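Here are my notes for you, as numbered points. Keep the model open beside them and look up each residue as you read.

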Amino acid sequence: MTTDCLFCRIVTGEIPGDIVYQDAEIVAFRDIHPVAPTHILILPREHIGSVQEMGECDGALIGRMVLCARQLAEQEGVAERGYRLVVNCGPEGGQVVPHLHLHLIGGRKLDDSMG
Ligand code: AMP
Ligand code: ZN
């Protein structure tokens, strides 16, 4: 827990979030500025700043985050149509909140641009 981290504060409940899933390791909540009908952020409870700060033993964690995203895509009814999973890393990668997170985006036809 890093007290000045927005997502840590949502994880602990200090700041409200529209939480759609949580377990001992992972929390998922709706993005406050959704870019599509489904836009959910999936993150570890533990504060990890970005992919760059992942340790060697965090590989399984990102796998569980992806499986969590798949389950949420099914619950949201977008799994068959398709969806996008995005992890921004660092300033030029478009990361604004420095707590590792996976974006699950779906529910409309996304454009083909990768940035
Ligand atoms: P990124 O640019 O990958 O760091 O993504 C950060 C995301 O967090 C953006 O899509 C924001 O809309 C979202 N966001 C910022 N503040 C909040 C909040 N309080 N609750 C939910 N989502 C947020
Ligand atoms: Zn954090």
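1. Start at the metal. The zinc ion (ligand 2) is held by Cys-5 (SG), Cys-8 (SG), His-47 (ND1) and His-99 (ND1), at 2.0 to 2.3 Å. Donors here are N, O and S atoms within 2.8 Å of the metal (3.2 Å for Na, K and Ca), and sites may look incomplete because water is not among the atoms. Along the chain, the donors of this zinc ion follow the spacing C-x2-C-x38-H-x51-H. Cys-8 lies in helix 1 (residues 6-12) and His-99 in the loop between strand 4 (83-86) and strand 5 (102-106), so this pair ties together parts that are 91 residues apart in sequence. Helices (H or I, at least four residues) and strands (E, at least two) are DSSP runs, numbered from the N terminus.

2. A word on what you are looking at: this is a predicted model, in which local features need pLDDT of at least 70 and side-chain atom pairs count only at pLDDT 80 or more, while totals for chains, interfaces and linings use all residues. Residues are numbered from 1 along each chain as its sequence is written, chains are lettered from A and ligands numbered from 1 in the order in which they are written, and side-chain values use heavy atoms, with hydrogens and water left out.

3. Which arrangement do the 4 donor atoms around the zinc ion (ligand 2) make? Their angles are 106 to 117°, which makes the arrangement tetrahedral. For four donors, that label requires all angles to lie between 85 and 135 degrees. Cys-8 and His-99 are both buried. Buried means under 20% relative accessible area, exposed means over 50%, and partly exposed is in between (1.4 Å probe, protein chains only).

4. Now follow the strands. Strand 1 (residues 19-22) pairs with strand 2 (residues 26-30) in the antiparallel sense over 3 bridges, and a hairpin of 3 residues joins them. Two strands pair if DSSP finds at least two bridges between them. Within this pairing, Tyr-21 stands opposite Ala-28. Strand 2 also pairs with strand 3 (residues 38-44), antiparallel over 5 bridges, and there Arg-30 has Ile-40 as its bridge partner. Is strand 2 enclosed or open? Since 4 of its 5 residues are buried, strand 2 is largely enclosed by the rest of the structure.

5. Continue to strand 5. Strand 3 and strand 5 pair in the antiparallel sense over 5 bridges, with Leu-104 as the bridge partner of Ile-40. Strand 4 is joined to strand 5 by 4 bridges, and the two run antiparallel; here Tyr-83 has Gly-106 as its partner. In a regular strand, side chains alternate between the two faces of the sheet. From strand 5, Leu-102, Leu-104 and Gly-106 point one way and His-103 and Ile-105 the other way, and all are buried.

6. Next, the interior. A nonpolar core is a set of buried Ala, Val, Leu, Ile, Met, Phe, Trp, Tyr and Cys residues joined through side-chain atoms within 4.5 Å. Among the 15 residues of the largest one, Ile-26, Ile-40, Ile-42, Met-65, Leu-72 and Leu-104 touch the most other members. Strand 2, strand 3, helix 2 (59-76) and strand 5 each supply at least two residues of this core, and helix 2 gives the most, with 6 residues. Apart from this core lies another, of 10 residues, including Cys-8, Val-11, Val-27 and Phe-29.

7. Take a closer look at Ile-40 in strand 3. Ile-40 is buried, with a relative accessible area of 0%. Beyond its neighbours within four places in sequence, Ile-40 is in contact (heavy atoms within 4.5 Å) with residues including Val-20, Ala-28, Leu-72 and Leu-104.

8. The structure holds 1 aromatic pair. The rings of Phe-7 and Phe-29 have centres 5.3 Å apart and planes at 80°, so the pair is edge-to-face. Rings of Phe, Tyr and Trp (its six-membered ring) pair if their centres lie within 6.5 Å; planes under 30 degrees apart count as stacked, over 60 as edge-to-face and the rest as tilted. Phe-7 is buried at 5% relative accessible area, and Phe-29 at 3%.

9. Finally, find Val-96 in the loop between strand 4 and strand 5. Is Val-96 buried or exposed? With 74% relative accessibility, Val-96 counts as exposed.

Definitions and conventions. Four donors count as tetrahedral if all angles lie between 85 and 135 degrees; four count as square planar and six as octahedral if opposite donors are over 155 degrees apart and all others between 65 and 115; anything else is irregular.
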